[in-house]
Amino acid sequence: MSLPVFIHPDLSAATAGDSLTLSGPEARHAVTVKRMQQGEKLVLIDGTGIRLILTVMETSGKDHLTGTVVSVTRSPAPNPRVTVVQAIPKSERAELAVDLATQAGADEIIAWQADRCVAKWDGKKAPKAVAKWQAAAEAAAKQSRRDRIPQVRGPLTTRQLLVELTERAESASVLVLHEEATESIREVDLRSEIFLLVGPEGGIGEEELTTLREAGAVPIKLGPEVVRTASAAMVALAAIGMRTERW
């Protein structure tokens with residue numbers, strides 16, 4: 001069984017043999033929930049590709065742990081880099097979409113306020129919703145033993161998204177999952193950066209799709225089945241993984 005994973009705020013200066021302290025909510029989880037004891041090992045990540053193994057030397061209180069660094073590894077960034085642009089699902093599926101995309105290796109997640117989204121992130125609701133998505137990404141990264149944690153940002157309207165896509169269209173592959181597309185993900189050109197657009201439950205409207213295509217986006221299909229918005233990014237990332245060096 002693999003070692004439990006916890007998040008440390010910054011491991012950039014860590015080297016083997018160092019003494020390292022973990023405190024706060026992550027230490028509380030290690031000490032109180034996992035009941036880590038002296039001599040046991042755990043993994044620390046900071047979300048940037050750094051992973052270290054720590055031997056627990058001492059715990060105190062409910063949220064304090066000190067250990068000795070056994071080893072430090074730094075993993076390269078995945079190639080190609082994939083940003084998932086996720087249309088905001090209904091609340092019961094929103095965090096599931098982030099969880100599955102993170103498990104499948106998304107490098108960044110953008111919340112997209114697509115035209116047909118039922119859920120609306122207006123005003124004060126947006127920061128709290130983004131924070132919930134980020135927490136879901138962190139939990140999924142730990143569960144799937146990832147070294148890197150995707151950053152969540154947004155929400156972006158379609159107009160705001162178009163500005164970003166237009167700036168990147170020449171160097172990036174912009175793929176829109178669409179059930180009526182004729183081009184397969186097996187056939188499309190994949191560059192070193194990919195934007196993967198996942199529409200809402202009701203699909204992407206024709207006018208919105210036309211606008212995205214004018215910005216360089218290519219509609220693609222994953223296969224004969226229609227995949228739900230919460231799981232579409234995961235399926236697409238798996239296909240990209242098989243086609244590229246990511247896997």
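Analyst: Happy to. Let us start with a cut-off: a residue counts as buried when its relative accessible area is under 20%. With that rule, the buried residues of α3 are Ala-126, Ala-129, Val-130, Trp-133, Gln-134, Ala-136, Ala-137, Ala-140, Ala-141 and Lys-142. Please keep in mind that this is a predicted model.

User: What do the buried residues of α3 pack against?

Analyst: Their partners are β1, α1 (25-33), β6, α2, β7 and β8 (151-157). Contact here means heavy atoms within 4.5 Å.

User: Which residues of α2 are buried, and what do they pack against?

Analyst: The buried ones are Ala-94, Ala-97, Val-98, Leu-100, Ala-101 and Thr-102. They pack against β6 (81-87), β7 (108-113), α3 (125-143) and α6 (229-243).

User: Why is His-178 called buried?

Analyst: The relative accessibility of His-178 is 12%, so this residue counts as buried, given that the limit is under 20%. His-178 is found in the loop between β9 (173-177) and β10 (193-198). Leaving aside residues up to four places away in sequence, His-178 touches Ile-204, Glu-206, Leu-209, Pro-219, Ile-220 and Lys-221.

User: What makes Val-43 buried?

Analyst: Val-43 has a relative accessible area of 4% and is therefore buried. This residue is found in strand β3 (residues 41-45). Its contacts, not counting residues up to four places away in sequence, are Leu-3, Pro-4, Val-5, Phe-6, Arg-51, Leu-52 and Ile-53. As for distance, the C-alpha atoms of Val-43 and Leu-209 are separated by 44 Å, and the two residues are 166 apart along the chain.

User: Why is β3 described as largely enclosed?

Analyst: Because four of the five residues of β3 are buried, the strand is largely enclosed by the rest of the structure.

User: What makes β3 and its neighbours paired strands?

Analyst: Two strands pair if there are at least two bridges between them. β1 and β3 have three, in the parallel sense, and Ile-7 has Ile-45 in β3 as its bridge partner. β3 and strand β4 (residues 50-60) are joined by five bridges and run antiparallel; there, Leu-42 has Leu-54 in β4 as its bridge partner. β3 and β4 form a hairpin with four residues between them, and Gly-47 in the turn has a positive phi of about 90 degrees.

User: Why are β1 and β2 said to stand at the edges of their sheet?

Analyst: The open sheet has five strands in the order β1-β3-β4-β5-β2, with mixed pairing. β1 (5-7) and β2 (19-23) each have a single partner strand, so one side of each is left without a neighbour in the sheet. The partner of β2 is strand β5 (residues 64-74), paired in the antiparallel sense over five bridges.

User: Where are the edges of the six-stranded sheet?

Analyst: That open sheet has the order β8-β7-β6-β10-β9-β11, and the pairing is parallel. β8 and β11 (218-220) stand at its edges because each has a single partner strand. Neighbouring strands of this sheet are turned by 25 degrees against each other on average, direction ignored.

User: How do you know that β7 and β8 are paired, and what is the hand of the crossover between them?

Analyst: Five bridges join β7 to β8, which run parallel, and at least two are needed for pairing. Within this pair, Gln-113 stands opposite Thr-157 in β8. The chain crosses from β7 through α3 to β8, and this β-α-β crossover is right-handed.

Notes: Residues numbered from 1 in each chain as written. Predicted model: local features only at pLDDT ≥ 70, side-chain atom pairs only at ≥ 80, totals over all residues. Heavy atoms only, no water. Helix = DSSP H or I, 4+ residues; strand = E, 2+ residues; numbered from the N terminus. Buried < 20%, exposed > 50% of the residue type's maximum accessible area, 1.4 Å probe, protein only. Right-handed = clockwise from strand over helix to strand, strands pointing away. Axes fitted to C-alpha atoms, helices over the stretch in contact; angles between N-to-C directions.
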